[in-house]
Amino acid sequence: MTLAIVLAADPAAGQLTEPGRPAGEPLTERLAAQWRRAGADDVRIAADLTELADLVAAATGPVLVSGADLVAHTAVLKHLATSPVGPTVALVLTDPPAPGQATVREERGQVVEVDAVDATGVFGGALRVGAADLPALADAARRAAGAAPDAPDARLTDPASAPEVGAADGGPRNAVDRLVADLAARGTLIFAQRVRLLVAHRVGDEAQRDAAEAAVAAVDEDRAELKLSVKERDDFFTTFFVSTWSPYVTKAAARIGIGPTGVTMVSVAFAVAAAVLFGVGGRPALVAGAVLLYLGFVLDCVDGQLARYTRHFSAWGGWLDTMADRFKEYVVYAGLGFGATHAGFRYGWALALAAMTLQTVRHMTDTWYGALHDEAARRPKVVSADAGGIGGKLNAASTRVQADTGSVSYWLKRTVVFPIGERWALIAIAAALFGPLVALVAVLVWGTLAFAYTGGLRTLRARWMRVPVMATVDAGLHRDDGVLARTLPTTRRPLLLAVLGALGSAGTLVWALLAVHGGGDLPVWVPVLALVLLLGAAQASRAPHEGSLDWLVPAALRAAEYLFAIAVGVAGRAPAWLIFGYVLVLTLHHYDLTARLEKRQSAPPLHAATLGWPGRSLLLAIGLIAGYASIALATLGAYLLVVFVASVVLAWVVLPARARGGVRSPG
């Protein structure tokens, strides 16, 4: 149940009246009606902060709070109420701040400071507070009202660090602005909801209200919402070859009632059909596969646009979109690998495996570098000793390029990193014109160059930021260590040990390839030594991950496990498609973990049953030494797939149904 509270504690609440209503009726009534249309289940008007605190204390779900001086499209309030970026979200405007209004500084979509010297916007007078942050909101309201002189956070009891009662310009702080300042001072994670294309203004008198009302009336709300369904900053191919016409598909899908999940499923079907055609080979099939792949990518964009346009967000939908994207791409790799092999190239499946492994390891670094940046954004700004060094210069240069939208350097930066739109476009064009082999080679070459480029720059910037990101998350869970790792003695230097484990696996794979190519067998001691190095990496599971480059640890561990599994398959002469299938199941499991990390969700219900990467590697090594590598890959792969499917059903169907007291499918 969502509660909306209009706070009538500011002078503006009694000054502004709604045209056409009885004289003296406050604008709070208009905002209350808008919150109802925006989806709030219960709407209250609080006379002061004490009443607001009492209402918040009794609430059990998200709470929407706004002052009495906001004039905006109802869609602005609806977007705030349904924002998927986080549980607690604040409206941020670009208007110049008026006396009593809080300014904010944002980084990576987070409000990291209130009343900052280098502010990037002004608080819009409305916020959504997640259930977990309601006690902090109630306490902040009582403290602002003078009812709670002491706060649990030491920073709030220290006069030198407590949020000021006055605004940045020295004027009295508006009531709702005091709340957001207090929440930010407590360290509450607040995300920013920017207003784009629509209208929202905070007003202080009748003239400002009239101007804001005129601005609201001048904008076609539905047309603006359709444009807003397209991401503000997307990649080159998506921006110019998809988003120019995909909103029409989005509008049509909304009219006929197809939901985002339905569009995602159709997109998966298109990608699978494209993979089959790539595997069949022949120019007509390859061209048809390229067309289907392009249309599948368009639908992949449409499902997100449809969710934003209809405001139908769910944790299930976000998870499914992430998992479907990776499954579609890797199924296409499988089709290309089969097609290249079918056309006479011996190592078609090997190229597909290499492309999948490379892309997954890249995605792991993307996820953890994003976590690093988010952590850096939330920390106080400290002048680094390397501010003028290469890391600081790269950070400043990147910021300038990102701000110069539309420039050649901006589009080059977004294209060179080889995002999904460019990958699918390259695959479609290369496969249609030259065939599966060239498509796979092109993906590998560009992907490797992009990995080297992003990895090098991020490493330099990470050393400059010096943020121990993995100290703030469950490293054991996202390393995917399992029970075996927790039973081993603990050692330090997690990155060094993870890299050694990956190098050991890579060396084993090279040795296995040479041995099989020469008609011999892999010596038993080689996989045993590689396993020892892997278990050495597992010993760092409980060690602090406080190094400036420890965000690379999960990616190194993924590379170590995948390369070891491939080496076992090669040494045991397992079918190439079987090795690909096993690694594909592993990637699904690991993408499940990264999706949960990005969405701030808990571990999958059956995570312990996946055995952890050390346990899985140990079983494969035993299978290889016993002479049953193929059986080990097939059995363990099938087991992990069953566990994955069962975990998905439990997480998204059974457990939510129990929580609701009924049974209903997700979505």
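Helix H14 and helix H19 cross in a left-handed manner, a crossing being left-handed if the near helix is turned anticlockwise from the far one by less than a right angle, and right-handed if clockwise. The structure is a predicted model, in which local features need pLDDT of at least 70, side-chain atom pairs count only at pLDDT 80 or more, and totals for chains, interfaces and linings use all residues. Residues are numbered from 1 along each chain as its sequence is written, and side-chain values use heavy atoms, with hydrogens and water left out.

The protein contains 27 helices and 10 strands. Of the 667 residues in the protein, 53% are buried. Buried means under 20% relative accessible area, exposed over 50%, and partly exposed in between, with a 1.4 Å probe and protein chains only. Among the contacts in the protein with a separation of 6 or more, 80% join residues 24 or more positions apart; contact means heavy atoms within 4.5 Å.

The opening pair can now be described further. Two packed helices are described by the angle between their axes and the distance between the axes. H14 packs against H19 (residues 436-465) at an angle of about 130 degrees, and their axes are 8 Å apart. Axes here are lines fitted to C-alpha atoms, for helices over the stretch in contact, and angles run from 0 to 180 degrees between N-to-C directions. The angle makes H14 oblique to H19. Under 35 degrees counts as roughly parallel, over 145 as roughly antiparallel, 65 to 115 as roughly perpendicular, and the rest as oblique. On the H14 side, Tyr 333, Leu 336, Gly 337, Gly 339 and Ala 340 meet Pro 436, Leu 437, Ala 439, Leu 440 and Val 443 of H19. This contact of H14 with H19 comprises eight nonpolar, two polar and no charged residues. In this classification, Ala, Val, Leu, Ile, Met, Phe, Trp, Tyr, Cys and Pro count as nonpolar, Asp, Glu, Lys and Arg as charged, and the others, Gly among them, as polar.

H14 itself covers residues 315-342; its 28 residues reach 40 Å from the first C-alpha to the last, close to the 40 Å expected at 1.5 Å a residue. The expected span of a helix is 1.5 Å times one less than its number of residues. H14 is mostly covered, with 20 of its 28 residues buried. After H14 comes Gly 344, whose phi is positive, near 110 degrees.

Helix H13 (residues 283-310) also has 28 residues; they should span 40 Å, and the end C-alpha atoms are 40 Å apart, which agrees. Just after H13, Arg 311 takes a positive phi of about 60 degrees. Ser 267, in helix H12 (residues 260-280), is buried, with a relative accessible area of 0%. Leaving aside residues up to four places away in sequence, Ser 267 touches Gly 296, Leu 299, Asp 300 and Lys 328.

The contact involves Leu 557, Arg 558, Glu 561, Phe 564, Ala 565, Val 568 and Ala 571 of H24, together with Trp 613, Arg 616, Ser 617, Leu 620, Ala 621 and Leu 624 of H26. By class, the residues of this contact are nine nonpolar, one polar and three charged.

Strand S9 (residues 190-194) includes Ala 192, which counts as buried at 15% relative accessibility. Ile 190 is also found in strand S9 and is buried, with a relative accessible area of 0%. Beyond residues up to four places away in sequence, Ala 192 touches Val 89, Ala 90, Val 92, Glu 106, Gly 109 and Val 111. Under that exclusion, the residues that Ile 190 touches include Thr 88, Val 89, Ala 90 and Val 111.

Most residues other than glycine have a negative phi. Arg 493, although not a glycine, has a positive phi of about 60 degrees; this residue lies in the loop between helix H21 (482-487) and helix H22 (494-517) and is exposed, with a relative accessible area of 62%. Arg 573, again not a glycine, has a positive phi of about 55 degrees. Arg 573 is found in the loop between H24 and helix H25 (576-598) and is partly exposed, with a relative accessible area of 41%.

Notes: Helices (H or I, at least four residues) and strands (E, at least two) are DSSP runs, numbered from the N terminus.
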